[in-house]
Amino acid sequence: MRQKKRIAFVLTIACILLCSFPAMAGEWKQNGEEQWQYIQDDGTKATGWLELDGDRYYLDADGIRQSNRWIKDKSRGAWYYLDEDGVMATDTWVDNYYVDENGRYEKKR
């Protein structure tokens with residue numbers, strides 16, 4: 001009986017300790033200039049294209065999320081539009097320009 005109580009006690013303590021530490025995951029943070037940056041699990045700022053929960057974002061060389069602008073991906077030779085939240089637009093018209101399901105600028109109206 002004592003052995004079962006000890007095991008139950010140890011398991012309870014282990015559960016409490018495991019629940020008290022948050023899961024390691026990257027997160028969005030604002031810097032001093034109120035610009036958004038994505039801090040990765042290892043504490044570094046993400047740069048370049050970032051995919052999260054099915055959305056794509058572009059972060060410049062300083063890790064600043066870009067928004068309300070067109071970005072040219074030199075490696076692909078294509079233009080992409082990032083909306084006010086920094087999410088790459090897909091399968092829609094942006095002003096007079098259409099972007100396909102991959103977010104790539106396709107044509108003018």
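**View 1. Arg56 in strand β4.** Arg56 sits in strand β4, residues 55-59, of this predicted model. Strands here are DSSP runs (E, at least two residues), and helices are runs of H or I of at least four, both numbered from the N terminus. Arg56 is buried but forms no salt bridge. Buried means under 20% relative accessible area (1.4 Å probe, protein chains only). A salt bridge needs a side-chain nitrogen of Lys or Arg within 4 Å of a carboxyl oxygen of Asp or Glu. Glu51, the nearest side chain of opposite charge, is 4.3 Å away.

**View 2. Contacts of Arg56.** Beyond its neighbours within four places in sequence, Arg56 contacts Trp49, Leu50, Glu51, Arg76, Gly86, Val87 and Met88. Contact means heavy atoms within 4.5 Å.

**View 3. The nonpolar cores.** The largest nonpolar core has 6 residues: Tyr38, Ala46, Leu50, Tyr57, Leu59 and Val87. Apart from it lies another core of 5 residues, including Ile71, Tyr80, Leu82 and Met88. A nonpolar core is a set of buried Ala, Val, Leu, Ile, Met, Phe, Trp, Tyr and Cys residues joined through side-chain atoms within 4.5 Å.

**View 4. The protein chain.** The chain holds 1 helix and 9 strands. From the N terminus, the order is α-β-β-β-β-β-β-β-β-β. Of its 109 residues, 27% are buried.

**Notes.** Residues are numbered from 1 along each chain as its sequence is written, and side-chain values use heavy atoms, without hydrogens and water. In this predicted model, local features need pLDDT of at least 70, side-chain atom pairs count only at pLDDT 80 or more, and totals for chains, interfaces and linings use all residues.

Methods: Buried < 20%, exposed > 50% of the residue type's maximum accessible area, 1.4 Å probe, protein only. Lys, Arg positive; Asp, Glu negative; His and termini not counted.
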